[in-house]
Amino acid sequence: MTMFKSTRTLLIATLAVAACFPIVAGARADEPKKAKNVILFIGDGDGFNSEIMGSYYHTGKPWGESYQNFPIVLGSATFSLHKHSNGVTEWDPVKEPEKNMGYNPEEFWKNPGNANWRPTNTELTDSSASATAINTGHKTLNGRLNFDPDGNPLENFAQKNIKAGRSVGVITDNQISHATPAGASAHNMARGNYEEIAKEQINEVPLTVLMGGGHPEYSNGVKRDKNPDELNYQYVGGRELWEKIKADDGYKGWKFIDQRSQFAEYAAATPGSGKELPKKLLGVARTTGDLPPIDGDVDNPQMIVEKYSQETVDAIPTLTEMTLASLNVLSQNENGFYLMVEEGNIDHQNHSNNAANSVMEHVCLAKAVDAAIAWVEKYSSWDETLMIVTADHETGQIWGDGTYVDEDNNGKYSSKKDTFESFQKVPATPKGEVPAVQYLSGGHTNALVPFCAKGAGSELAKEFIRGKDEKAGKFWNFSGEFIYNSDVFNVMSAASGVK
Ligand SMILES: [Zn+2]
């Protein structure tokens, strides 16, 4: 007999105790912890090589970010659905989960140009279809926000949380009504209907926090435009709604802020300290477009000032400040919360094939995640909070230098004009330097993206594995197992019990 009790001995001991005391349900030691809080970070357009490129710049290591080393690291397949001209969607993974027709590792790895490969029944996703998948568990057509391929509205995770008595926050460094934050909070058949989307976010969904860009009166945080273009108002629900928000502090219960110092004040607050935190916080940073990455330096804040001016830096909040302010406000609800944070400019920089700017946006994401990790460890715990860091799709077809030979010597890489040599990893690069990569596309691809999770219920992700890409696993140093982006919803729902 070893000194360890056998399972049988333990069972007998448990039964003996159970005879004297009532059995407490749900006390099994191996049962996943229930997530009271769910924090979801989305790096838009942030594939594996984009993440590795950013990590070298930020940490000097290929996979050096704290979230990249979370206990759960899987791939996520992001394809969206395709509707044929006869109106038929050939395959819906919710209806036929046994089929895996959307991501084919063998096809993908034939050459980098094949990262665009997709079966005819699927599409390369856009951010709205992916946000729908992530927030509802249903793949849909591109352009749609929480509507299925047949045009039926889908209840999203925000609505389910609100029904369950929890608070919901949605923040982004793009406009508040842009595709990813819209997918986490609103419904529309077309992602471009910004005015309708913002009206739903501000007037109808009882969100607790909404933050991002889209300020109609400022182009760059500095100089107020007294006669803004009428189109500028669409991102905040139109001129009439905007004037109400500004004129009447407390419109629909919202506390409205638009200056960096206000975001910073709520970010620095201590939850539960008795210091006044608003019940509902609407923060619109002073930029009509995207927020500049004013937190995107590694060790040289002066570089940011040179790029964006001190006035802009003083005016625009960081993604970290927005994240902390949101967590402080949301955590006033004892029932828990769901917070979605988007770093949307990684996508925009990868569309522009601008590695130097992409890595700065990566730093903004990494700093915001680190701040949220520290917040969880100080004010909550991993026993009650689930954190996921993932992407909605890959953008740019990024590979290490040397993957293609630049035949026409134009400094650009094209799978049609240049010659494929072999897949190259993003090369090892010291901290603070931008790795030498090749962008093969200005668009989205079908490549797997990272899914990293930690905390309450995170291990449930393994129950949703759809397949294995051995080569991706070897190339990017993980198991190669992948889920679908729609399984992000499944994991959040299973972990939190919010269904
Ligand atoms: Zn994009």
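Visitor: Where does N477 lie in this structure?

Guide: Welcome! Keep in mind that this is a predicted model. N477 sits in the loop between helix 15 (470–476) and strand 19 (481–484). Its phi is positive, about 60°, although N477 is not a glycine.

Visitor: Is N477 buried or exposed?

Guide: Exposed means over 50% relative accessible area. N477 has 70%, so it counts as exposed.

Visitor: Which loop holds Q397, and what is its phi?

Guide: Look between strand 11 (394–395) and strand 12 (398–400) for Q397. This residue other than glycine also has a positive phi, near 45°. Q397 is buried, with a relative accessibility of 3%, whereas N477 is exposed.

Visitor: Thanks! Now, which residues are the protein donors of the zinc ion?

Guide: They are D347, H351 and H444, with D347 listed for two OD atoms and each histidine for NE2. These atoms lie 2.1 to 2.6 Å from the zinc ion. Along the chain, the spacing reads D-x3-H-x92-H.

Visitor: Where do D347 and H351 lie?

Guide: Both belong to helix 13 (residues 345–351), where they are four residues apart, about one turn of the helix. D347 is buried at 5% relative accessible area, while H351 is partly exposed at 29%.

Visitor: Why is the arrangement around the zinc ion irregular?

Guide: For four donors to count as tetrahedral, all angles must lie between 85 and 135 degrees. Here the angles run from 54 to 147°, which makes the arrangement irregular.

Visitor: How many residues of helix 4 are buried?

Guide: Ten of the ten residues, 127–136, are buried, so helix 4 is largely enclosed by the rest of the structure. After helix 4 comes G137, with a positive phi near 85°.

Methods: Residues are numbered from 1 along each chain as its sequence is written. This is a predicted model: local features need pLDDT of at least 70, side-chain atom pairs count only at pLDDT 80 or more; totals for chains, interfaces and linings use all residues. Side-chain values use heavy atoms; hydrogens and water are left out. Donors are N, O and S atoms within 2.8 Å of the metal (3.2 Å for Na, K and Ca); water is not among the atoms, so sites may look incomplete. Four donors count as tetrahedral if all angles lie between 85 and 135 degrees; four count as square planar and six as octahedral if opposite donors are over 155 degrees apart and all others between 65 and 115; anything else is irregular. Helices (H or I, at least four residues) and strands (E, at least two) are DSSP runs, numbered from the N terminus. Buried means under 20% relative accessible area, exposed over 50%, partly exposed in between (1.4 Å probe, protein chains only).
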